[in-house]
Amino acid sequence: MAFNDKDSRIADTKRAAAVLALAAFFAFLAAIGVMYSQQLFAAFGAVWAAVFPLVLGCVMAFLVNLIMGRLERIYFPSAKTGPIASTRRPVCLIASFAIIAAVIALIVNLILPELKASASVIKEGVLMVASDLYGWAQQNVDLVASAFGGANLEELERSFTDFMTNVSNGDSAGFMSMVESLFSTAGSIVHNVFAVIVALVFSLYLLIDKERVFKGVDTLIELFVPARFAASLRHAGRVANQSFSRFITGQCIEAVILGTLCAIGMALFGMPYAVAIGACVGLTALVPVFGAWLGGAIGFLMILTVDPMQAVWFIVFLVVLQQLESHLIYPNVVGASVGLPGIWVFAGVLVGGALFGVVGMFVGVPTIAAIRTLAIDRAAKVRARRSERERLGAKESSDAAEHAGGDRCEPSA
């Protein structure tokens, strides 16, 4: 018994020393990170700029695969060989991109013309107000001067005079600054367009040969991950894939339902721009919880150009529709698809948005759903092991009691 206690103390000492050494190592890394934070951020920015097209390509491939996978299950699923089987992947891939392009074109054609019409009305209203304000200012010069101060007006007039003098004398500093800004903006646009093209090409490679990609990832896991963690990592990947796939599917269905109900309700109440605002609300509803309110704000401004009172009634209608959506549609469509209670969905949107902006709002809910599922699975395994240990301990105690009872029943020599 003494040897067992000594071995236990030695094991506890080794474990404590390992924990202390690990803590000291992480503290050293944290100190290095604080000392060279600027260099680390610069290096991280350079690495992120290099891998961003590939990350964007993976995101594109994941989204397109949600459609392509379903089409592959419909496109002659019984055919295993022959020309039909060999054309399944390219046909379904082209059809997936065609569906996405058609949806985007439909939304743009629904929203853009009405948005342009309302924007022109807003522009005319702003110009009218500015003209009236300018006319009033000309008629009340003394009042304006007293409000802004004579010195401020003189300084403004002097700055304008200097600017006109520099322009007339051929001073090109302001012009060169504008040209530099223009080239910088054009370079940024070209860089972003190039990144999108690279991401699109990379996503095509991933989708065309996705089985080989999965096999390569599995090989990397076998090479660099210990065997006892490999199964857990694969399980985590499957859970994350299911959570994100179900969330995106449910969110798209919920957005279509909300946009359709909004358009139908507005048409029944005789509100203008019903189809365009319904499409806008449905599109922005892809952002969980708060997205529909952005579409509602755009719709409010559009209706305001026609009838201010109807714009107010539109807000009332949208509030009622949002309550219906929050209590009936969203829990049954999105909440049920990812298996999250409403409070977790709300927390995921808030935390994700605070950390990563709009992208965080998208990924917050499925990330929490995946973590919650993994935690539930882990807790179930821990409880199962604990029950097994208790069962074995009870069995050993019973066997020991039976053995002790048998020894007491044996006759003495």
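Tutor: Let's start with a term: helices (H or I, at least four residues) and strands (E, at least two) are runs in DSSP, numbered from the N terminus. By that rule, helix H9 is followed by Gly270, whose phi is positive, near 70°. The model is predicted, with residues numbered from 1 along each chain as its sequence is written, and side-chain values use heavy atoms, without hydrogens or water. Local features need pLDDT of at least 70 and side-chain atom pairs 80 or more, while totals for chains, interfaces and linings use all residues.

Student: How many helices and strands does the protein chain have?

Tutor: There are 13 helices and 0 strands.

Student: What makes the span of H9 close to the expected one?

Tutor: The expected span is 1.5 Å times one less than the number of residues. H9 has 42 residues and reaches 62 Å from first C-alpha to last, close to the 62 Å expected.

Student: Why does Tyr273 count as buried?

Tutor: Buried means under 20% relative accessible area, exposed over 50%, and partly exposed in between (1.4 Å probe, protein chains only). Tyr273 has 17% relative accessibility, so this residue counts as buried. You will find Tyr273 in the loop between H9 and H10.

Student: And why does Phe76 count as partly exposed?

Tutor: Phe76 has 47% relative accessibility, so Phe76 falls in the partly exposed class. Phe76 lies in the loop between helix H2 (37-74) and helix H3 (83-86).

Student: What is the phi of Phe76, and what is the phi of Tyr273?

Tutor: Most residues other than glycine have a negative phi. Phe76, which is not a glycine, has a positive phi of about 45°. Tyr273 has a positive phi too, near 55°.

Student: What makes a group of residues a nonpolar core?

Tutor: The group must be buried Ala, Val, Leu, Ile, Met, Phe, Trp, Tyr and Cys residues joined through side-chain atoms within 4.5 Å. The largest one here has 19 residues, and Cys262, Met266, Ile277, Phe314 and Phe317 have the most contacts inside it. Helices H9 (227-268), H10 (274-284), H11 (291-304) and H12 (308-338) each supply at least two of its residues. H12 gives the most, with 5 residues.

Student: How do you know which residues Phe317 touches?

Tutor: Contact means heavy atoms within 4.5 Å. Leaving out residues up to four places away in sequence, Phe317 touches Leu261, Cys262, Gly265, Met266, Phe269 and Met271.

Student: Which residues belong to the second core?

Tutor: That separate core has 10 residues, including Leu66, Val287, Val345 and Val365.
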